[in-house]
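Here is a short briefing to read alongside the model. Please keep the sequence and the 3D view open as you go.

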Amino acid sequence: MTRIRYSLLAFLSIVIIVSMACTQQRQPCLTPKTASLIIGTVHFKTDTSTVTVDTTLPHATFYPLSSQLNYVTVYPPQASFTVSLSPDTNYCQWLFETDSLKHIPDTVSFYYQRSAKFLSNACGFTYFYNIDSVHSTHLIIDSLHILNNSVTNNVNTKHLQIYIHRNF
Amino acid sequence: MSIQNTCRYISIATFSCLMWLLAVPVLAQSDTPAVDSLSTTNLKKHDSAGRQLCLGIDVVRIGANSFYNDRYAYEFQVDYYARNEFYLAAEGGWGGSKVNYDDLKYTTTNSFVQFGFNKSILSRSSKTDWDMMMMGMRAGFANVNRSPVTYTVVDSVWGNTGTQSIGPTSFPVFWLEVTGGMRVEIVRGLFAGWNIRGKFVMNGKSFRDLSPLFIAGYGKGDKNANFDFNLYISYGIRWNRKGPPAKTKS
């Protein structure tokens, strides 16, 4: 019995040392680090209808205006899009085209409040946002509707609905 | 699955298997008195065993300090044999962490104490047998001091923000833990033994605004529950040992 106990002690010491040697310095970040604003595009079925249908845009393009980086996103055909808000100011603008080939841009302006949020030691800090208002030009966009003011790193919440002119 | 998680699961599985392996001889021992004579059935071994105060140091912590460059801890334990294989136990120590990432920098220091009990589930083979396999509970407290925090929000679209800062603060941490393990007397009075600990924080929400990377005594500050182990080298001081145990008439 005593010999077994001593053997277990020695074996455990080895297991402990091996498990410590496996430990990484910084854990990987497993949650979304950026609070993303999710946009859905819809249009009314007819001019007089109140029923909306999702609008699949052929090659929607989003440009952040006044970004330090040259960043452009061209989406494949779809009706749901993700943009981020500037963490440095309480206001930002995105240039929005329904089709990258047509070059008819609308500007969408976001006004919001920021709050710093600690995610974890692995992910660091990010900003969550509370949207005050959203405005746009109306070349292709008919109107805007805020569905949810709170922009967090929850990727399952739709925040904004863009009503597109029916014959865009 | 990451290498770290794989290692962690292997460690947990190994500990679990070893606990079961150790439980078998204990169960076997507990059956033997039934075959023994009447004179041993009524032995009150705790009376003849006397008292023991055991002081120990966690050598895993000392070893871990050389593995990790972002945290350190020192941990000591003391237990006192009360009676009926029941021990009053306490642990204490200090430690700290240093977070020095590109986007997040701060340091923490803390001291901690925890009080509770151990109950030996290993039957003594004699009054001089102080080997034990035990289970126990603890209540722990730590006071964490955090330095000023500087951070940058990384953003691939708009560019990283300027460096922001948060002032220093101090806050308490309370936790409960369940523990199990074994201790073997290597030479007279000198013990080696390990403990597995499951720790559950009670006031985790109060410091979620920036959970410390590491809290000495508790573990990772951003976890509601931590799994931990210790390997103690300890020395037992004994007194008040009595002569041969009295035999009672049946």
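B:Glu85 sits in the loop between S2 and S3 of chain B, strands being DSSP runs of E with at least two residues and helices runs of H or I with at least four, numbered from the N terminus. This is a predicted model, in which local features need pLDDT of at least 70 and side-chain atom pairs count only at pLDDT 80 or more, while totals for chains, interfaces and linings use all residues. Residues are numbered from 1 along each chain as its sequence is written, and chains are lettered from A and ligands numbered from 1 in the order in which they are written.

- For background, most residues other than glycine have a negative phi.
- B:Glu85 is partly exposed, with 18 other C-beta atoms within 10 Å, whereas B:Asn84 is exposed, with 11.
- Here, a residue is buried if 20 or more other C-beta atoms lie within 10 Å of its own, exposed if 12 or fewer, and partly exposed in between, with C-beta atoms placed from the backbone.

**Strand pairing in chain B**
- S2(B) and S3(B) form a hairpin with two residues between them, and 12 bridges join these antiparallel strands.
- Two strands count as paired if DSSP finds at least two bridges between them.
- Within this pair, B:Tyr81 stands opposite B:Tyr87 in S3(B).
- S2(B) also pairs with S1 (residues 51-58) of chain B, in the antiparallel sense over five bridges; there, B:Cys54 has B:Asp79 in S2(B) as its bridge partner.

**Nonpolar cores**
- A nonpolar core is a set of buried Ala, Val, Leu, Ile, Met, Phe, Trp, Tyr and Cys residues joined through C-beta atoms within 7 Å.
- The largest core has 42 residues, and A:Leu85, B:Ala142, B:Val173 and B:Ile215 touch the most other members.
- Beyond its neighbours within four places in sequence, B:Val173 is in contact (C-beta atoms, placed from the backbone, within 7 Å) with residues including B:Val144, B:Val201 and B:Tyr218.
- A second, separate core of nine residues includes B:Met132, B:Met133, B:Met182 and B:Trp194.

**Chain A**
- Of its 168 residues, 24% are buried.

Conventions
Contact = placed C-beta atoms within 7 Å.
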